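Have a look at the fold first, and then read on.

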Amino acid sequence: MKVNKKIATIFFAVVSLFFASCSEDTDGFGEYYEGTFSDEVVFNFIPDSSFIILEQLGIVSRIKENVPYSIEDDQSLIDSIKLKMFVSYGSYNQNPKVIKQTSQNNDSVYVWYSTRNKYYKTLSKSNTIAEVETSPKLEYVSVDSLVIYKAENKFIKFFSRVVK
């Protein structure tokens with residue numbers, strides 16, 4: 001009987017240690033947060049008629065190709081346009097770092113909104129492989145919808161696209 005008690009005690013201790021060592025943080029990067037927030041982009045733009053093109057990096061399937069939007073007049077805006085975006089995210093940081101870039105070309109404004117730089121979309125890589133590990137979850141931001149605020153005399157056409 002004493003041998004069975006010792007075996008049972010050892011078995012219970014091993015099983016307890018096994019379950020204690022298991023946690024949700026199996027990738028070693030910390031807790032992964034998912035949530036929503038709102039953000040704004042304001043830019044000056046003189047033409048009375050313009051196109052706004054929202055570009056997002058398609059690193060996860062949650063990023064919308066066609067972002068729903070509405071356009072509203074704002075008496076306080078004269079030569080600028082304001083985008084109020086409703087964003088969802090996944091990140092190891094509760095406040096993800098967002099890269100917002102705007103560029104203008106004639107009557108068009110391109111708005112880049114992502115966790116990656118538009119021109120350097122890949123992360124840095126090493127040429128040597130020391131060991132194989134599980135990849136961490138991808139950090140992303142996704143514009144779920146937006147409101148475009150403009151001056152009363154401006155005409156806006158909006159498009160969104162996912163860049164792969």
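## Ground rules

Two strands pair if DSSP finds at least two bridges between them. Helices (H or I, at least four residues) and strands (E, at least two) are DSSP runs, numbered from the N terminus.

The model is predicted, with local features needing pLDDT of at least 70 and side-chain atom pairs counted only at pLDDT 80 or more, while totals for chains, interfaces and linings use all residues. Residues are numbered from 1 along each chain as its sequence is written, and side-chain values use heavy atoms, leaving out hydrogens and water.

## The sheet

Strands of a sheet pair through backbone hydrogen bonds, either parallel or antiparallel. Here, four strands form an open sheet in the order β1-β4-β7-β3, with mixed pairing. The edges belong to β1 and β3, each with a single partner strand, so one side of each is left without a neighbour in the sheet. On average, neighbouring strands of this sheet are turned by 20° against each other, direction ignored (axes are lines fitted to C-alpha atoms, for helices over the stretch in contact, and angles run from 0 to 180 degrees between N-to-C directions).

Which residue of β4 is the bridge partner of E40? That is K84, and β1 and β4 pair antiparallel over twelve bridges. Between β4 and β7, also antiparallel, there are nine bridges; G90 has Y140 in β7 as its bridge partner. Strand β3 (residues 69–73) runs parallel to β7 and is joined to it by five bridges, with I71 partnered by I148.

Strand β7 (residues 140–150) has nine of its eleven residues buried, so it is largely enclosed by the rest of the structure. Buried means under 20% relative accessible area, exposed over 50%, and partly exposed in between (1.4 Å probe, protein chains only).

## Aromatic contacts

Rings of Phe, Tyr and Trp (its six-membered ring) pair if their centres lie within 6.5 Å; planes under 30 degrees apart count as stacked, over 60 as edge-to-face and the rest as tilted. By this rule there are four aromatic pairs. One of them is Y32 with Y92: the centres are 5.1 Å apart and the planes at 75°, so the pair is edge-to-face. Y32 lies in the loop between α1 (2–21) and β1 (33–44) and Y92 in the loop between β4 (80–91) and β5 (99–105), so the pair ties together parts 60 residues apart in sequence. Both Y32 and Y92 are buried.

The rings of F37 and Y89 have centres 5.8 Å apart and planes at 55°, so this pair is tilted. F37 lies in strand β1 and Y89 in strand β4, so the pair ties together parts that are 52 residues apart in sequence. F37 is partly exposed at 25% relative accessible area, whereas Y89 is buried at 9%.
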